[in-house]
Amino acid sequence: MTDHAAISFWLETSGDDLTQRAPLDGSVDVDVAILGAGLTGLWTAWYLRRRDPSLQILVVEREIAGFGASGRNGAWCAPDLNITMTRLAQLHGEDAARRMQQATYDAVDETGRACREAGIDAGFHKGGEITVARGPHGVPALEAAQVEYEHFGFGDRYRLVDAAALDERIRIAGAVRGLVSEDAAVVHPGRLVRGLARAVERAGVRIVEGTQVTDFRPRDEQGRATLVTPRGDVRAPVIVLAGEAYLTELRQLHRQLVPLWSLIVLTEPLADGQWAEIGWANREVVASTRLSIDYLSRTADGRILFGGRGAPYRLGSPIRAAYDHHDPTHARLRSFVREWFPAIADIRFTHAWGGPLGMPRDWHPAVAFDPATGIATARGYVGHGVSATNLAGRTLTDLITGEHSALTELPIVNHRSRNWEIEPFRWLGVRYAQWALGRLDDSAARTGRPPSGRSLAERIAAH
Ligand SMILES: Cc1cc2nc3c(=O)[nH]c(=O)nc-3n(C[C@H](O)[C@H](O)[C@H](O)COP(=O)(O)OP(=O)(O)OC[C@H]3O[C@@H](n4cnc5c(N)ncnc54)[C@H](O)[C@@H]3O)c2cc1C
């Protein structure tokens, strides 16, 4: 049996014994059947039940609630999606891009509000967000981001600060400038997802665990769609596919996403004197301008979490527990902590874990419902799902209950990404982009010159 507490520090410290709930015990008919007890599935159940307390909702989870990315992430509950406003404007128009961005700010606040309402002790703390340029080569990216926010009317939410002003908030070796906003929060992901699971149960939703969905079918002549499991069929007018990266394991969705690993290392709690050297009293979420992605947060018990990509994509998109650990990437993340914070160069690391992100071909998240088939889904958040899943849950609730709203007009609604290439072309493309972005970062750090923005890998990543 999987030792669920060993999956991440967050599940280990979720304040929950992680005992698996009972599995499905035979075929059943309900009003809404949800695949996946991550944040997408659980927020959808929460808001649907709030809208209509008479709805019979069943959540079907293969492992335990929070097993996936929702119980493993970097604790950023931040606005912004994986896709830029500029790209959204190209695809859907400027107004749609602006409404989308506003919805991401609202999703952060709604996550905090809903946790309070549901009695979830998620450690929600709105400390803000800082992106740093670690060297002059990072400055153009910060300036470009500020110009983009200004262009879309959000400039007053962001401030470009110099090294001295940055130092007042957090002292990072080599940081020359920062882009600061107050709009992001940090959470305890384990307490959030496990608390939400208990809250939806209190609200009358049934969760079965240890039950794998092996297939799904659209509405039949009686108007019932089906989640197929070895323990029986779950039939409902509406099924919600909320399995993010793991959806690629279902035959019909195999090429809709690629599973891409994000990995994390965590230090022991720092001593007060060490925190005095670093600052970071407000617990902002922090990242740098590296194309190959890094993200940091400070836990409530005084540890530094450092996450990043880098674990290689595997041919055929398999998902295996063994991929949650990739020694070279974990070692690099540890060396980044020492580089960023020389004052704690001899700090001990207590945890290392990882998990798969769901990456759509066009980097565009989607929240969709087709009344003809009865199939709903929300997926493709890549590394930006903690607040976006809350937005997705509310949006799916409006779509499923037929409520026309500002949410159902968002550009992520009913977006269709094209399939990924067949193998080995998928492997070649993804591995090339992973390799090239890393090389561009290393070369920028070495030469002090920013990436040109015109390389193939950057154009791929510019979504
Ligand atoms: C290491 C890491 C760091 C991240 N950091 C951040 C961050 O700091 N901020 C941020 O915003 N986002 C971050 N993300 C992304 C974010 O965590 C996800 O986008 C979000 O949690 C997705 O939630 P979800 O419910 O859609 O999917 P998941 O949380 O993955 O849940 C899917 C659930 O479905 C279940 N399931 C899958 N297939 C089946 C099946 N066939 N049958 C039954 N059950 C099934 C799984 O067991 C799982 O519990 C990170 C992700 C990772 C992996």
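Predicted model: local features only at pLDDT ≥ 70, side-chain atom pairs only at ≥ 80, totals over all residues.
Ala, Val, Leu, Ile, Met, Phe, Trp, Tyr, Cys and Pro count here as nonpolar, Asp, Glu, Lys and Arg as charged, and the others, Gly among them, as polar. By that division, the shell around the ligand holds 17 nonpolar, 16 polar and four charged residues.

**The shell around the ligand**

- There are 37 residues around the ligand, and those that come nearest are Thr40, Glu61, Ser70, Val213 and Val386.
- At least two residues of the shell come from each of α2 (39-51), β14 (257-267) and β18 (349-360), and β18 gives the most, with three residues.

- The side chain of Thr40 places an N or O atom 2.7 Å from an oxygen atom of the ligand, while for Asn73 a polar side-chain atom lies 3.5 Å from a ligand oxygen atom.
- Gly385 takes part through its backbone, where a polar atom is 3.0 Å from an oxygen atom of the ligand.
- The ligand taken alone exposes 1000 Å², of which the protein buries 98%.

**A four-stranded sheet**

- An open sheet with mixed pairing is formed by four strands, which follow the order β1-β12-β11-β10.
- Because β1 (28-29) and β10 (215-217) stand at the edges and each has a single partner strand, one side of each is left without a neighbour in the sheet.
- Strands β11 (residues 225-229) and β12 (residues 232-236) run antiparallel and are joined by five bridges; Val228 has Asp233, in β12, as its bridge partner.

Technical notes:
Residues numbered from 1 in each chain as written. Heavy atoms only, no water. Pairing = 2+ DSSP bridges. Near = heavy atom within 4 Å. Polar contact = N/O pair within 3.5 Å; in protein donor to acceptor, adjacent residues only side chain to side chain. Areas by Shrake-Rupley, 256 points an atom, 1.4 Å probe, with all protein chains shown as cover.
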